[in-house]
Amino acid sequence: MIRYADKNKKNETEELKRLFNVCFPGEESFCRWFFEKCFEAENTLVDVENGVLRGAAMELLYNIKGIGDVTYLYAVGTFPQFRGRGICGNIIKKSQENDRLRGRAASVLIPGDKFLFDFYRRLGYRESSFVTERKFTASENRDDLNLGECRAADLVRVYNENLKSGRYILRSEEYFERQTQMFKKFGGGLSGLYCKNRLLGYCFYSFEKGKIFFDEIIGEEKEALAGKILKKFGLNEGFGREPGKGQALGMAYFYGESFEFYMNLMYN
């Protein structure tokens with residue numbers, strides 16, 4: 001049976017947490033945070049047989065400018081002993097049926113590993129969202145520009161201004177507040193680049209094994225922004241993602257006309 005999870009069944013929620021940690025090992029602290037802050041049972045499809053949870057997928061609602069409402073499939077997974085039976089595929093097909101009934105434009109997702117692109121292609125998904133990944137250095141210095149904290153309203157403005165010519169996931173102030181909280185909680189951060197009192201650009205960053213990764217860098221003077229962050233932490237270089245058409249990041253299954261769009265910072 002494929003149905004939506006029951007928020008009144010505590011054991012089911014605990015099994016969903018266990019499934020998350022089995023499918024995404026090493027993310028236990030993030031799992032606790034996500035289930036506390038973001039999880040909604042009524043938006044989580046589960047496959048249950050004889051009372052045993054076998055697999056699940058979370059449906060998060062987003063809107064893409066110029067396209068409409070879409071379902072973002074997140075934390076799609078099956079317990080190892082049930083893999084190879086088409087369970088994930090059936091859950092995704094059920095989600096797509098629900099999308100059509102709701103009038104949504106597409107089902108979108110970000111594969112957790114490169115090999116999963118082939119899996120989702122077999123289900124009809126195609127690469128539709130791209131980013132440019134490149135190296136930044138600490139070489140550039142601009143005394144007239146400064147790092148600072150960011151207000152959510154300013155982040156929305158910079159994001160919209162820099163992506164206005166294309167299609168992209170719409171973001172609210174609440175979205176940016178939650179992302180900021182998440183990055184800071186797990187050892188990363190957010191920095192904005194200011195000229196006097198005006199925010200020119202921003203960067204969400206994280207660390208892994210002593211290296212810095214700019215998960216999303218957007219706005220004017222990106223090299224100066226990255227350079228100042230690198231100098232702040234005594235680093236010479238870092239790699240980061242910005243909107244572009246270099247590398248496929250996300251995939252989509254459109255129910256009508258297909259488009260390319262920008263999607264990032266989706267708990268990926």
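Tutor: Let's look at helix α1 and then at the cavity beside it. The model is predicted: local features need pLDDT of at least 70 and side-chain atom pairs count only at pLDDT 80 or more, while totals for chains, interfaces and linings use all residues. Residues are numbered from 1 along each chain as its sequence is written, and side-chain values use heavy atoms, with hydrogens and water left out.

Helix α1 covers residues 10–23 (helices are DSSP runs of H or I with at least four residues, strands are E runs of at least two, both numbered from the N terminus). Its 14 residues reach 20 Å from first C-alpha to last, close to the 20 Å expected (1.5 Å times one less than the number of residues). Glu12, Thr13, Leu16, Leu19 and Phe20 are its buried residues, where buried means under 20% relative accessible area and exposed over 50%, with a 1.4 Å probe and protein chains only. They cover an arc of only 115° around the axis, so they sit on the same side of α1; the arc is taken from the directions from the helix axis to the C-beta atoms. Lys10 and Asn11 are exposed, on the face turned away from that buried side. Among the elements covering the buried residues are α2 (28–37) and β3 (52–64), contact meaning heavy atoms within 4.5 Å.

Now the cavity. Its lining includes Leu16, Leu19, Phe20 and Cys23, along with Ala56, Ala57 and Met58; a lining residue has an atom within 4 Å of a cavity point, on a 1 Å grid over the protein atoms alone, where a 1.4 Å probe fits but cannot get out. α1 gives the most to this lining, with 4 residues.

Note on methods:
On a 1 Å grid over the protein atoms alone, a cavity is a set of points where a 1.4 Å probe fits but cannot get out, and a pocket is an open set with protein on both sides within 12 Å along at least five of seven lines; lining residues have an atom within 4 Å of a point.
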